[in-house]
Amino acid sequence: EIDITRPRWREQPGTLIPLILSNIKNFAPGESARRVEQGRQEAAQKEADLLARLALLPDGAQKAGETKRMIDLVRNLIGYREYPKYEIVSRYFLYKQALLREAAKLVAAGVLRDAEDIYYLTLEELHDVVRTHEVDPQRIDRRKAAFHSYEKLVPPRVITSEGEIIRGAYKRDDLPAGALAGLPVSAGTVEGRARVLLRMEEADLAAGDILVTAFTDPSWTPLFVAIAGLVTEVGGLMTHGAVIAREYGLPAVVGVENATRLIQDGQRIRVHGTDGYVEIL
């Protein structure tokens, strides 16, 4: 969303075709409304259960009333938290369009070979190129080569805000033989077919599949509608995949080292989201 070098769906709408076809194949008409209503009923039941338990405590009526007011506030206002990010992301797309218009002029003038070459220049360097119509193509080539080499790197499981990479191994004596250890981030246990994906546009999911990938970002969210569980190589309790898995009620284990290599596409696996491990069946 924020990385302007990544194409958006409006720029490459074909990316959505596999997702749309998957939803048509896996869900009956009206499924969205049914799920919304089911979620509403489940939330109402959980709210009623919580308030009933609070009412049994000392000063229960007051506690239940305060909790009810807080629930209503969160339910009515939580959607507004997305507004600042929406505005930021919308503006970034305008910036991208403006930059690419300048890049197109440079391509037409024979200064750049491709409009996306600007992604390998700093903003100050691009400003100089626009002003002078001079560019060092070897600098762009070096940066492209470096970027492609970085793409092949395996991200570390833990990296601090200061850039320190922390290495180590899980110490788990309670796991079944051959189980893959990870971090439990969304409770529950599920068994299903593993779909190992490294690119979202390659998704071909059926209802009940378990997504196995290196990591997810917001562009992967539509895939969560069809899957039954999640396994990622990196991540923690508050990373994207973990948060969305909890919102959808999907068992999830993250931080499973080399999951996309150790788990083969199509294998049956069992995800233990409460205890934090994955079994290959």
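**Briefing: a 281-residue predicted chain**

Thr-189 is placed in strand S3, which covers residues 189-196; helices (H or I, at least four residues) and strands (E, at least two) are DSSP runs, numbered from the N terminus. The model is predicted, so local features need pLDDT of at least 70 and side-chain atom pairs count only at pLDDT 80 or more, while totals for chains, interfaces and linings use all residues. Residues are numbered from 1 along each chain as its sequence is written, and side-chain values use heavy atoms, with hydrogens and water left out. The protein chain has eight helices and eight strands.

**Overall form**

- The radius of gyration of the protein chain is 24 Å, whereas a compact globule of 281 residues would have one near 19 Å; the radius is taken over C-alpha atoms, and the globule rule is 2.2 Å times the number of residues to the power 0.38.
- The C-alpha trace spans about 75 × 50 × 45 Å along its principal axes.
- Of the 281 residues, 32% count as buried, where buried means under 20% relative accessible area, exposed over 50% and partly exposed in between (1.4 Å probe, protein chains only).
- Among contacts between residues at least 6 apart in sequence, 51% join residues at least 24 apart; contact means heavy atoms within 4.5 Å.

**Surface and charge**

- The accessible surface of the protein chain is about 17800 Å², and carbon and sulfur atoms hold 57% of that surface; areas come from the Shrake-Rupley method with a 1.4 Å probe, and for residues only the protein chains shown count as cover.
- The chain carries 37 positive and 40 negative charges, and their mean positions are 2 Å apart.
- In that count Lys and Arg are positive and Asp and Glu negative, with His and the chain ends not counted; the place of a charge is NZ of Lys, CZ of Arg, CG of Asp or CD of Glu.

**Nonpolar cores**

- The largest nonpolar core has 18 residues, of which Leu-197, Leu-205, Leu-211, Trp-220, Leu-223, Phe-224 and Ile-227 touch the most other members.
- Helix H7 (240-248) and strand S6 (252-254) are the elements that give two or more residues to this core, and H7 gives the most, with three residues.
- A second, separate core of 15 residues includes Ala-194, Ile-210, Val-256 and Val-278.
- A nonpolar core here is a set of buried Ala, Val, Leu, Ile, Met, Phe, Trp, Tyr and Cys residues joined through side-chain atoms within 4.5 Å.
- Ile-227 is in contact with Leu-205, Asp-209, Leu-211 and Leu-250, leaving aside its neighbours within four places in sequence.

- Thr-189 is exposed because its relative accessible area is 52%.
- Not counting residues up to four places away in sequence, Thr-189 touches Pro-251, Arg-270, Val-271 and His-272.
- The C-alpha atoms of Thr-189 and Val-212 are separated by 15 Å, and the two residues are 23 residues apart along the chain.
- Thr-67 lies in helix H3, residues 60-77, and counts as buried because its relative accessible area is 16%.
- Thr-67 touches Leu-50, Leu-51 and Leu-54, again not counting residues up to four places away in sequence.

**Positive phi in loops**

- Most residues other than glycine have a negative phi.
- Asp-59 has a positive phi, near 55 degrees, and sits in the loop between helix H2 (31-55) and H3.
- Asp-59 counts as exposed, at 58% relative accessibility.
- His-133 also has a positive phi, near 60 degrees, and its place is the loop between helix H5 (123-132) and helix H6 (137-151).
- His-133 counts as partly exposed, at 44% relative accessibility.
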